[in-house]
Each structure stands twice: as structure tokens, then as C-alpha cells.
Amino acid sequence: MKADIFLGIDMGSTGLKAVAFEAGTGATLAASGSAMPYRHLPGGGCELRADAIDAALMQALRGVAEQLGPRTAQLRALCCTGHGAGLYALDERGGLLAERAVASTDQRAAGRARRLAQQYGDALYQEVGCRPWAGQPSLVAAELFGAEGGGQQVIRRLLFAKDYLGFLLSGEIATDASDASTAGLLSLEAGTWSGLAFEAAGLAALMPGALPPIVPTGTVIGHLLPARAAACGLPAGLPIAMGAIDLLASLSAVGAVKSGHAVAVFGTWCVNAVVAPEHEPKPEVGAIVRYGPAASRLYLENSPSSMANVAWLARTLQFDDAAAAVDGAMSVPLGAEGLRFLPFINGGGVAAGAAAGFIGLKGHHGRAHMARAVIDGVAALHAWHLKRLAARGLGVPGRVAALGGGARDPRLVRLLADFMGHPVERCGDDETGARGAAGYAAMSQGACADEVLPVRCVAEAPDAATLQAHAAFYSEFEMLIGNMAPVFGQMAGRAP
């Protein structure tokens, strides 16, 4: 008898992928996906057309169905995960408002976020676990649809990326606590939508009808619509399970939810996280997320710029791709002969108004030096956030796993290990977001995800001969971003 198959769909900040996993072995049986054509707009906008999402989703599912062939009959359930925040707002017809979604890296609400932080920041941190930031759905909606003038009334439903995919496939509307909480819209204490968060953004009128019901992760929310099934070749009526935000899905896939060790996600965002028991008083971290169990929390340290810096580097300095940029960087020693890079191309969580820039640039520096400075800065920023979590007693000492697209390159993971001073596990050879989603699909059918979808990680050890040099570089990096805080503030004060 052939084993059951579970399907995970992961919509990240750069692409969408569907992956089918075999129960028992955890083997990847089929994978299909493509990059998403995000549009970068003046003023820091980042959007994605509705038809592009639909096309990418159906292309990925057709690819999986073609690869599985007759084994599509063994599919038991599917589940979606995706990047958090941004704006997926539906109009009265059930389509994306203005026919586009807004990415979590969108910066057009940055000024609004700074103003609200001054007025509501501390109260919101206690209520929802984070202070205002530009990519929050509430602030994006207020900025683009005019909260002051009541323009937000055109919003009929407010969803997140994974929930929009689930809606396209099933016609059902629902979300889970992890997305609502990561977006700073959920009361940590009550586990329900926060009135304060919407009131602060000027969107209190949205609360009665626009917010979806919050349901537990791993429960069936609907079934694959016949028209969608016919268009992609998957079984009609296939159960669709509620997922979680991609970070939590990835943590679940590698066992970090149970073990409590930290993870560093080398994705578009610089995300670093630990699942731990609820701490009171609340530790001062980037964000605190309620994701399910009332006594557990997901503690985050993040900045909206990690591999986004490398993508910018490759595009601007005309490397063939991100891998070629890393190749160029590794031809130059640590420290890039005195050149440093502030890795905040989409902003940062280290200081208000953080922005990217080179420091120490001189005539003898070339493209490879600039690449090395960017790579050093990206890895050091992850270490900075991870060390902040550890300093607050969060996470298992000396245990970190690296996930995300950047973790596929062992050189980046070893660089992080050098800055941390201990081994870092690499899971970048596996689609952990999609695997985590497939695990939730398995849960919806009564299976234990850890047993049916095992995953293997490989540890990258630091170079003992260069630990002192890396420690010195990191100490200088930490001092540099601290000293730049007033400059960031001055520059942000001049921004429109």
C-alpha cells in the first residue's frame, strides 16, 4: 500500500511554492513554484497584483499534480502558510481591493507608524506584543485608504497571505492566532482581536464585520472547490486545513516549537525567534506572539531586511544572482578591508528610521568588497538579534537553527556560527515552510506531524582559528549600529 501524501503551500516574500511530502519517510515527492512579481513603487511601496497570485498558485498546483501523476489519489489534505502582515483586503465582490495585495516590506506607512508609536507604543506593546510598524495591515489600510476620511469602509474583509490562498481554493474565510498576533492585532491576554490596535490606527469601524473568525491551526476549514480541482488536477473535495504564519510553520517543521531552541530565518526579513513559556513582566524584544497555547509565546527579534539586502546588491551591482553575489563576497576577507554596510535596505528593528548604507568606502574598494560588506552585515544583524533573545533568557543556550533561502548556502550559516561562537544547524536544503504547512494538513487528519514528516538538519561549526577576529568584527558592528541611532533619527525626521 502506498503512503499518504500531504501538500504544503508556502507564499513567501519573494515566491510561491507547493510541495508534496510522503507520510512516514517525510520525503519530498513533488515541488513546483515560481517567483512572485512584486512591484516596487515610489515612497517605499511594494505590491502584488491579484491575478499574479492566482496564476502562481494554480501553476504551482498543476506542477505538483503533473509530477505526482497517479499518486494524486494518495493526497489526503493540503494546507497553506505565508508571510505575515502586509494587506490582503477584500472588496464587496470578494476580490482583492484595488486588485492588489501589499507586502509586509511596504514602507509607505512608516511616518504614521512613528507618530503612533509616540502616542500608543508602550500601551500597544503590553496589549498586543509589538509597537506600531510600517507593514502592519492596520497601518497600511489606514495609509492607503484614508482612515481619517473613512476610506477604509471599502474594506469588507481583512485577511493574511495564507488565508487569501485558502479563500481562493475553498471559498472559506478564516485565520489563526499566529498571523493575527504577528500583525499586532491580537490581544495577548484574551486571544481575541484587539480593539486598542484598531482604534489606534483609526480603524475601529472595521472590527464588527471585516475581521475573520480565528480558528485553531490544524483544523479543516473547507474543501478544494470543484472548479479549482479541475483546473489544477488535484482531487475535488480535498480537505484544506488552517495553517499558521510561515515562521511558526518552519519552527514546527524542524522541531523548534517543542525543543525551544532559537531559529534564524535568512529570508527577505531578518527573522529570529524562540518559542518559550509566557514571561511576565514582558521581556523587551521586537515582538511577542500568541500562537495557540495560552501559556506559550513566540518571541521575535527581527528587521525587515536580511536577504533583501543581498537581492538589492545583486540587482544594483549586476551580479548574475544572489549566489553570484555571495561568491564575489567570499573572494574578499572578513571585514572587506575596512568597508562596512548597514544592512537595513527595507528598514530595521535596531533603531527608529534605520536605513542602509556603506561606511568606510574608499577608492580601492570594488564590487567584491561591497558584496563582502553586505554579507558580513546580514550575518552580523542576525547574530545581534539572536544575542538579544539569549540575553533575555529566551531559548536553549548554544542552540540555533538557520532556515530560509539564505540558509541553503553553508557559507552564510558558517559565518553566523562564527559570530555566535557555537555551531548552527542548517536546514536550508529543505522547504521548511511548506513542510510545516503539510504537517498541519496531517494534523487535520489525525496524524502526528513529527512522526509522519521527519526532517534532518546538519550542523555548521565555527572556525576556531578565526573566532577572535569574528568576535572583534561583531563587537564593532554592535557599536556601529548603536552610534548610528541618532543619525537614523535625524534622517527619518526629514522624510516626508
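Which residues lie nearest the centre of the second largest pocket? They are Thr217, Ser252, Val257, Tyr440 and Met443, out of 29 lining residues.

This is a predicted model, in which local features need pLDDT of at least 70, side-chain atom pairs count only at pLDDT 80 or more, and totals for chains, interfaces and linings use all residues. Residues are numbered from 1 along each chain as its sequence is written, and side-chain values use heavy atoms, with hydrogens and water left out.

## The pocket

The second largest pocket has a volume of about 600 Å³. A pocket here is an open set of points on a 1 Å grid over the protein atoms alone, where a 1.4 Å probe fits, with protein on both sides within 12 Å along at least five of seven lines; lining residues have an atom within 4 Å of a point. Its volume is the space filled by probe spheres set on the points, which are joined across faces, edges and corners.

Helices H8 (246-253), H9 (256-259), H14 (432-444) and H15 (449-452) each give two or more residues to the lining. H14 gives the most, with five residues. Helices (H or I, at least four residues) and strands (E, at least two) are DSSP runs, numbered from the N terminus.

The lining divides into 17 nonpolar, seven polar and five charged residues. Nonpolar covers Ala, Val, Leu, Ile, Met, Phe, Trp, Tyr, Cys and Pro; charged covers Asp, Glu, Lys and Arg; the others, Gly among them, are polar.

Strand E5 (residues 45-49) has four of its five residues buried, so it is largely enclosed by the rest of the structure. Buried means under 20% relative accessible area, exposed over 50%, and partly exposed in between (1.4 Å probe, protein chains only).

Strand E12 (residues 262-266) is mostly covered, with five of its five residues buried. Ala262, Ala264 and Phe266 lie on one side, Val263 and Val265 on the other. In a regular strand the side chains alternate between the two faces of the sheet.

Both strands have partners. Two strands pair if DSSP finds at least two bridges between them.

| Pair | Sense | Bridges | Facing residues |
|---|---|---|---|
| E5 and E4 (residues 39-41) | antiparallel | three | Cys46 and His40 |
| E5 and E8 (residues 100-102) | antiparallel | three | Arg49 and Arg100 |
| E12 and E18 (residues 400-403) | parallel | four | Ala264 and Ala402 |
| E12 and E13 (residues 270-277) | antiparallel | four | Phe266 and Cys270 |

E4 and E5 form a hairpin with three residues between the strands, where Gly43 takes a positive phi near 80°. E12 and E13 also form a hairpin, with three residues between them.

## Aromatic contacts

The structure holds eight aromatic pairs. Rings of Phe, Tyr and Trp (its six-membered ring) pair if their centres lie within 6.5 Å; planes under 30 degrees apart count as stacked, over 60 as edge-to-face and the rest as tilted.

Tyr88 and Tyr164 have ring centres 6.1 Å apart and planes at 40°, so the pair is tilted. Tyr88 lies in strand E7 (residues 88-90) and Tyr164 in helix H4 (residues 161-170), so the pair ties together parts 76 residues apart in sequence. Tyr88 is buried, at 0% relative accessible area. Tyr164 is buried too, at 4%.

Phe341 and Phe358 have ring centres 4.8 Å apart and planes at 50°, so this pair is also tilted. Phe341 is buried at 3% relative accessibility, while Phe358 is partly exposed at 23%.
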